[in-house]
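Me: I'd like a close look at one residue and its neighbours in this model. Could you then walk me through how the rest of the chain is put together?

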Amino acid sequence: MKKLRWAIDGELWELDASTPRTLEGAARAVPGKALPLGLSRGTKLFRPNQIDFMQRFMAAPFLPSYTHHLGVTIQRVLSIPVSENWSALLLGQFNLRKFLSSLKENGGGDGVHKRDLKSIGKLFLDKSLYALGFSSEVLLTPDDTLLLSSDSYYDHNSSSIPRKKAVFHHKFPHHNLTVDAAWPALFVDKETGTYWDVPFSMAIDLASLPLDSGLSYHLCLHHNHGSPKQFQGDPIAQVPASLFAGVSAKCAFSYEKNVDIWRSKAQKLKMVQPYDIFLSDPHVSASGTIGAALSANFGESSVRLVEDAEDIKHLSYHNPTLKSTLLGDIFASVSFTAQHGNFQWLVSDLTRFHIRMDFPSGSKFLSGATRLAQDLLNSHQPSPEAVKMICPTTSLSLQQQIAGPFSFRVDSGVVIDFKDKGWHIQADQPVFAIEYALQVLFSAKAIAWYSPKHQEFMVELRFFES
């Protein structure tokens, strides 16, 4: 089960995170502190295309979203017909909170009651209420796609800078090649929830298609240029080392194995299509992944990555003269899923639970286990630092059908507060959502989610996700 805000390929590779902070509706994952494993950009439906689909087929004239720095905004898309292999979309965003605030200020507190239609109409001419995005997608060949986009924000502040992006995608047999350039590029740190703008970022990525079980790999060449800037309104945080200027070449290999502990063989209702075919089989399953990653870094980022990789120095090499660093490590992931119901009945026919534990650094885990063993052998109290090093990154997901195609879902990380002597377990960055399954499309859904941590709300369209 994928985290609501994060697209995850093969249950391991973190792709892009959904966010309403930009018109694009996505932010790249900040590569890991020691080993940058967030390699692929992902291929989910582009944000303007999502809005266009909902306008056409779901009778949604506007799509709302919310962020703490913009407030409530509404978006609408205008489709520009070009040709059969070339589409263009114009996305418009209107800042509803700022409009209502201006209306109240100019109305002396009584708002509409003291204003005529002409004066209210003048408020709509305020350019700072709007943002415009233009995107064009060209199908060069059946296997080649070029996407160009440009966003303009008329509310001039540090969080509303113009953004441009170009993406070329090619499909090889069992592989995907993606060339992605953005200026600036928006990144989000999954650990702290902080957003960063990098003036220019480019990635060339070759990834094998995800399999239910078997070997997969990612190869990536990544270049950042310019000094990262924190997104306005976020708590002040330290800049992640991997966002500094430099070039990095990365490769990662993994082997995944899925096991069905139990799967229902009971007959489904005849002549009744499940609301989602990917959620139509009651089962209990487990999966495990183990892999290795190698990263070569050049430039300013290489120096800072070495400082962040103190726990795996025996797997790193740094050349100060050439400003280059070589990092290597192993990683592992274990997950467990249980589902009840076929998602066919109107009520009480879907309950799904998922837990996933990631060990992003094998050497860090071994180092922590060694220190913990020494503490126990010497009859010492286990140090919080050693326990923290062996604890996996854990996430939970729970989904429950409400009625018909509607279901409620919550995804959350799980962390241990080591500052407290009792080591209390806490929820980390929970996300709450209502999902509406589009039955006629077999496995598609509209999702309205809210993140209390980021103070963000968004409505999205997802395909072929469980």
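Predicted model: local features only at pLDDT ≥ 70, side-chain atom pairs only at ≥ 80, totals over all residues.

Reply: Happy to. Let's count two residues as being in contact when they have heavy atoms within 4.5 Å of each other. Leaving aside residues up to four places away in sequence, Ser208 touches His174, His175, Ser216, Tyr217 and His218. Ser208 itself belongs to strand S13, which covers residues 200–208. Its relative accessibility is 9%, and because buried means under 20%, Ser208 counts as buried. One of its neighbours also has a polar atom within reach: the backbone nitrogen of Tyr217 is 2.9 Å from a polar atom of the Ser208 side chain.

Now let's step back to the chain around this spot. The protein chain contains six helices and 25 strands. Of its 466 residues, 48% are buried. Among contacts between residues at least 6 apart in sequence, 59% join residues at least 24 apart. The accessible surface amounts to about 23200 Å², and carbon and sulfur atoms account for 63% of that.

Nine of the eleven residues of H1 (residues 47–57) are buried, so the helix is largely enclosed by the rest of the structure. Those buried residues are Arg47, Pro48, Asn49, Gln50, Ile51, Asp52, Phe53, Met54 and Gln55. What do they pack against? Their partners are strands S4 (63–67), S5, S6, S7, S24 (444–451) and S25 (456–463). Just after the helix, Ala59 takes a positive phi of about 50°.

The patch has an area of about 830 Å² and is built from Leu78, Ile80, Val82, Trp86, Leu90, Phe124, Tyr130, Leu132, Phe134 and Tyr154. Take Leu90 as an example: this residue sits in strand S6, and its relative accessibility of 31% is why Leu90 counts as partly exposed.

Next come the charged pairs. Side chains of opposite charge can pair when their charged atoms come close. Across the whole structure there are 14 salt bridges. One of them joins Arg28 to Asp180, with the closest N and O atoms 2.6 Å apart. This pair links distant parts of the chain, since Arg28 lies in strand S3 (residues 26–29) and Asp180 in strand S10 (residues 175–183), 152 residues apart.

Another pair sits in a more open setting by the accessibility values given for its members. Arg263 and Asp260 form a salt bridge whose closest N and O atoms are 2.9 Å apart. Arg263 is partly exposed at 34%, and Asp260 is partly exposed at 45%. Elsewhere, salt bridges that share partners tie Glu24, Arg28, Lys165 and Asp180 into one network.

What about disulfides, and how many are there? The count is zero. Among the cysteines, Cys251 is partly exposed with a relative accessible area of 22%, and Cys391 is partly exposed at 29%.

Leu315 is in the loop between helix H4 (300–308) and strand S18 (316–319). At 35% relative accessibility, Leu315 counts as partly exposed, whereas Ser208 is buried. Not counting residues up to four places away in sequence, Leu315 touches Leu326, Leu327, Gly328, Asp329 and Ser363. With Leu326, the separation is eleven residues in sequence and 8.3 Å in space, C-alpha to C-alpha.

Conventions. Residues numbered from 1 in each chain as written. Heavy atoms only, no water. Helix = DSSP H or I, 4+ residues; strand = E, 2+ residues; numbered from the N terminus. Buried < 20%, exposed > 50% of the residue type's maximum accessible area, 1.4 Å probe, protein only. Polar contact = N/O pair within 3.5 Å; in protein donor to acceptor, adjacent residues only side chain to side chain. Patch = residues over 30% accessible without salt bridge, like charges linked within 9 Å, V, L, I, M, F, W, Y side chains within 5 Å. Areas by Shrake-Rupley, 256 points an atom, 1.4 Å probe, with all protein chains shown as cover. Salt bridge = Lys/Arg side-chain N within 4 Å of Asp/Glu carboxyl O. Disulfide = S-S within 2.5 Å.
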